[in-house]
Amino acid sequence: MKYDRIYNFSAGPSILPEEVLESVRDNLLNYEGSGMCVMEMSHRSKVFQKIIDEAEADLRELMAIPDNYKVMFIQGGATLQFAMIPMNLMKNGVADYIVTGNWSKKAYQEAKKYGKINLVATSEDKNYSYIPDCSDLPISPDADYVYICENETIHGTTYQKLPNTKGKILVSDQSSMFLSKPCNVSDYGMIYGGVQKNIGPAGMVIVIIREDLIRDTAELPTWVPTYCSYKTHADNGSMYNTPNCWSIYVCGQVFKYLKKIGGLEAMDKRNIEKAKIMYDFLDASQMFNGTVEKEFRSWMNIPFVTASKELDAEVVAATKAAGFDNLKGHKSVGGLRASTYNAMPKEGVEALVKFLKDFEANYKA
């Protein structure tokens with residue numbers, strides 16, 4: 001059965017590969033002969049244990065995750081990590097943050113509840129339209145870690161080169177770029193990502209953390225909730241309580257899909273090609289303008305504007321009527337935004353660009 005599908009440019013929850021959705025559909029009522037849906041089965045069953053084990057193994061293979069890193073599937077999304085990170089990683093009570101947009105700013109503000117948080121660089125002076133020079137930052141000698149949001153979903157910026165942390169642990173929120181390109185995990189102490197941006201249903205975060213950074217619960221302040229200890233999740237195989245079984249299952253299917261198409265190297269080539277189509281159009285357009293300095297443009301989230309808020313709204317309405325949805329920019333910045341995540345086909349970007357070109361050519365103010 002074929003379904004009418006729109007081109008969904010949402011920043012999250014986002015588009016998933018049709019091949020994965022079809023597989024999920026076909027196994028919805030009876031997963032691999034179990035007689036039940038994954039949403040119905042016990043997380044303690046052998047069937048689900050196989051699902052979560054395969055998901056972790058496939059993710060490790062995709063990212064070439066070293067053996068001394070733990071992989072955890074934790075509920076609460078990326079936002080919970082804004083608190084869990086300082087709770088778990090601050091031994092000296094000090095951390096350095098680089099703020100390049102809405103999400104790193106939120107993480108910075110949350111972390112200040114738990115210790116001394118230093119703002120070592122920011123691009124707020126130009127409305128987060130660039131990534132600041134991070135080659136010689138004033139890293140605090142007693143900092144427990146340095147924090148970045150590697151791809152800012154709302155403002156559409158991304159790091160082309162990781163900061164020089166001067167030997168300090170690097171923690172990265174990769175939510176909106178997770179699995180979009182190869183990643184050298186050893187460059188980080190911890191990577192995490194909310195899965196709803198690029199790999200699965202909302203409600204879960206994947207945490208990849210070096211084992212030596214996982215502190216015993218007894219070492220943590222007594223006020224840290226049991227659930228907010230990484231040790232709790234590491235020791236219980238991500239099943240201290242009932243996990244987000246459905247999200248783990250769908251993410252696992254996406255991992256298999258990525259392996260099938262050639263892994264992260266192949267995905268990276270696709271994503272660069274798609275984004276280039278959109279950016280080439282914006283650079284040539286007289287009506288539409290990108291909001292990010294070229295050197296720091298994201299391959300995943302492409303914000304752009306017209307000359308007025310009124311025209312922005314008109315374009316959004318026109319695109320939706322034409323079968324392109326979720327192009328309205330985030331409420332905090334306005335404008336428009338096209339999120340071209342892994343599952344967005346090249347044809348979708350080409351169709352959007354054609355529509356915008358025609359809109360511009362035929363527009364009469």
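Modeller: This is a predicted model. A friendly place to start is Arg297, which is buried, with a relative accessible area of 10%.

Biologist: What makes Asp283 and Arg297 a salt bridge?
Modeller: The cut-off is 4 Å between a side-chain nitrogen of Lys or Arg and a carboxyl oxygen of Asp or Glu. In this pair the closest N and O atoms are 2.7 Å apart, so the pair qualifies. Asp283 sits in helix α7 and Arg297 in the loop between β11 and β12, so the bridge ties together parts that are 14 residues apart in sequence.

Biologist: And why is Asp283 called partly exposed?
Modeller: That label covers values between 20% and 50%. Asp283 has a relative accessible area of 39%, so it belongs there.

Biologist: How do you know that Lys259 and Glu61 form a salt bridge?
Modeller: Their N to O distance is 3.0 Å, and the limit is 4 Å, so they pass. Lys259 lies in helix α6 and Glu61 in helix α2, so the pair links parts that are 198 residues apart in sequence.

Biologist: Why does Glu61 count as exposed?
Modeller: Exposed means over 50%, and Glu61 has 54% relative accessibility, so the word applies.

Biologist: What makes a network of salt bridges?
Modeller: Shared partners: they join Lys50, Glu54, Asp58, Glu61, Lys256 and Lys259 into one network. The whole structure holds 23 salt bridges.

Key: Residues numbered from 1 in each chain as written. Predicted model: local features only at pLDDT ≥ 70, side-chain atom pairs only at ≥ 80, totals over all residues. Heavy atoms only, no water. Helix = DSSP H or I, 4+ residues; strand = E, 2+ residues; numbered from the N terminus. Buried < 20%, exposed > 50% of the residue type's maximum accessible area, 1.4 Å probe, protein only.
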